[in-house]
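Here are my notes from a look through this one, point by point. Have the viewer open while you read.

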Amino acid sequence: MNQEANASTVNDCSLNFGNLCIDEDNNSGGIAVQGGLIEIPQCSDQNPARNILSPGLCHTNFEIKHGISPSIIVIGGGFAGIAAARALHDAKFQVTVLESRDRIGGRVHTDYSFGFPVDMGASWLQGASNKNPLSPLIGRLQLKLYRTSGDDSVLYDHDLERYALFDMDGNQVANDLVSKVSVIFESILEETDLVRDIISRDMTISRAISLVFERRPDLRLDGLAHKILQWCLSRMEGWFAADANTISLESWHDEELLPGGHCIMVEGYLPVIRKLAKDLDIQLGHRVTKVAREENQVTVTVEDGRTFLTDAAIVAVPLGVLKSGRIQFEPRLPDWKEEAMNDLGIGIENKIVLLFSEVFWPNVEFLGVVAETCYLCSYFLNLHKATGHPVLVYMPAGQLARDIEKIYDTVGRPHDLYKKLRIPVEYLFFAGEATSFEFSGSAHGAYSSGLKAADDCRMLFREKYGEFDLYNPAIVGEETVGLLITRK
Ligand SMILES: Cc1cc2nc3c(=O)[nH]c(=O)nc-3n(C[C@H](O)[C@H](O)[C@H](O)COP(=O)(O)OP(=O)(O)OC[C@H]3O[C@@H](n4cnc5c(N)ncnc54)[C@H](O)[C@@H]3O)c2cc1C
């Protein structure tokens, strides 16, 4: 899945295909290392690392260049990695980020090829309230937000107002029928709670819905109402970036939905990443292939064979990269950590952004197509409402997204795996949205996981090097500023 964002023109519509789920790009052209870590020159003899990794070289270098301060390599320059690096940099650690692509942000990728910002990855602030760890930063940057849902929206990211649904023949569906079906959809989901209470073993949400229909045949729908129900289910799949027949009944409720509803970042997420990344030592085009834990230190090897020595490392790559084994850990990570990596599933979501010469669709916030199965249903976000540009964003998830990409993933959400994924192993720390149980799969989850890993790291080195003050977005010298929400 190396394709990430291509642009092509289809008649009067330009198209951007965003594909940011798990992978890193194949990039070259790294920047020379100049931060607080030691690059070990490549050696051609039998045992290169042993020849060069003398502690004397390492420590002398630190004392002369930087004084006593631990060096940290952060692997991965997505939200989690950049947040961790920012926190540790501000606490006077010697931090270098190694990022495989030729850009930072990972699954946050604001594209400007249409002449205005469009997010190809994360685009909503999920939970626009002061409970969201990202709110202080976004508020201070005075970035515009456009609200698409309040609390408890049945469609998760949208309120059922100002929308237009169509059938496959292009006929608009009556909104009062959609409202009725959405109430039934909520009842069905409530009934699945009962199924969960009665049957102790876990099952998929689609299996649970079948059992609900057996218990409550009155909730079965047919004809157009059935198609609308399938569409509601497809929105749920979109939220979890997974098919209903892979979403766990036991744990789909566990995700913490922050209050405040969801808001689109009108100017894109990139300004947030840029702010966090300011003045950090970030090495692009550095794909890490090996992480070796040695006594009190870590060596990190990149694709071209160069090796870096550091006091500790924060691994902030996507779960999919960890699962793929493309980064070799030496010695192997403990069994409990590997099991957590293997057992946790990953969702998949794509974005296809369509720019038209003019708006020809109704003045609504989103459009949808209802169909016999959720696989055939679709959803288009109307960016014109938020940004004024004639853009529709199509967001397939789950099997449909896989079929578009032709890649294979699995999905599941058992409980303590997130915790196991996050727990440090000696001088290795782990960050990334998949390590966040409450907020997995979100930008704010990735961000707070980075801050958490930085905090764990600080605790480890506190005794050895003294106290460090970590970056705290809520108090760093500036007053908290409220969010700039353009549609209340
Ligand atoms: C299409 C889409 C839409 C989304 N919409 C939303 C939304 O609206 N709101 C929301 O809150 N969240 C959304 N998300 C989720 C959110 O984008 C992610 O949860 C979050 O950005 C993940 O951040 P991360 O730092 O954990 O991982 P990533 O952003 O994936 O960062 C990992 C980084 O590691 C790098 N890397 C990988 N392998 C290596 C290696 N071997 N060596 C060095 N570097 C490596 C990658 O290139 C990448 O930069 C969306 C995701 C997608 C895909």
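The points below cover a helix pair, a sheet and a glycine in a loop.

1. Before anything else, keep in mind that this is a predicted model. Everything below is read from that prediction.

2. Start with the two helices α3 (residues 79–90) and α14 (residues 443–465). They pack with their axes 7 Å apart, at an angle of about 40°.

3. Which residues make the contact between α3 and α14? From α3 come Phe79, Ala80, Gly81, Ile82, Ala83, Ala84, Ala87 and Leu88. From α14 they meet Ala443, Ala446, Tyr447, Ser449, Gly450, Leu451, Ala453, Ala454 and Cys457. Sorted by type, the residues of this contact between α3 and α14 are 14 nonpolar and 3 polar, with no charged ones. Note that Gly goes with the polar group in this count.

4. Now the sheet. It is open, has 4 strands in the order β8-β11-β9-β23, and its pairing is mixed. The edges are taken by β8 and β23 (484–485), each with a single partner strand, so one side of each has no neighbour in the sheet. As a reminder, strands of a sheet pair through backbone hydrogen bonds, and the pairing can be parallel or antiparallel.

5. With strand β8 (residues 124–126), β11 pairs in the antiparallel sense over 3 bridges. Strand β9 (residues 144–149) also runs antiparallel to β11, and 4 bridges join them.

6. For landmarks, click on Ile264 in β11. Trp124 stands opposite Ile264, and Tyr146 stands opposite Ile264 too.

7. Last, have a look at Gly127, in the loop between β8 and α4 (135–140). Is Gly127 buried or exposed? There are 23 C-beta neighbours inside 10 Å, and 20 or more is enough to call a residue buried, so Gly127 counts as buried.

8. Who sits around Gly127? Setting aside neighbours within four places in sequence, Gly127 is in contact with Asn132, Leu257, Leu258, Pro259 and Gly260. For one more distance, the C-alpha atoms of Gly127 and Gly150 are separated by 8.8 Å, with the two glycines 23 residues apart along the chain.

Notes. Residues numbered from 1 in each chain as written. Predicted model: local features only at pLDDT ≥ 70, side-chain atom pairs only at ≥ 80, totals over all residues. Axes fitted to C-alpha atoms, helices over the stretch in contact; angles between N-to-C directions. Contact = placed C-beta atoms within 7 Å. Pairing = 2+ DSSP bridges. Buried ≥ 20, exposed ≤ 12 C-beta atoms within 10 Å, placed from the backbone.
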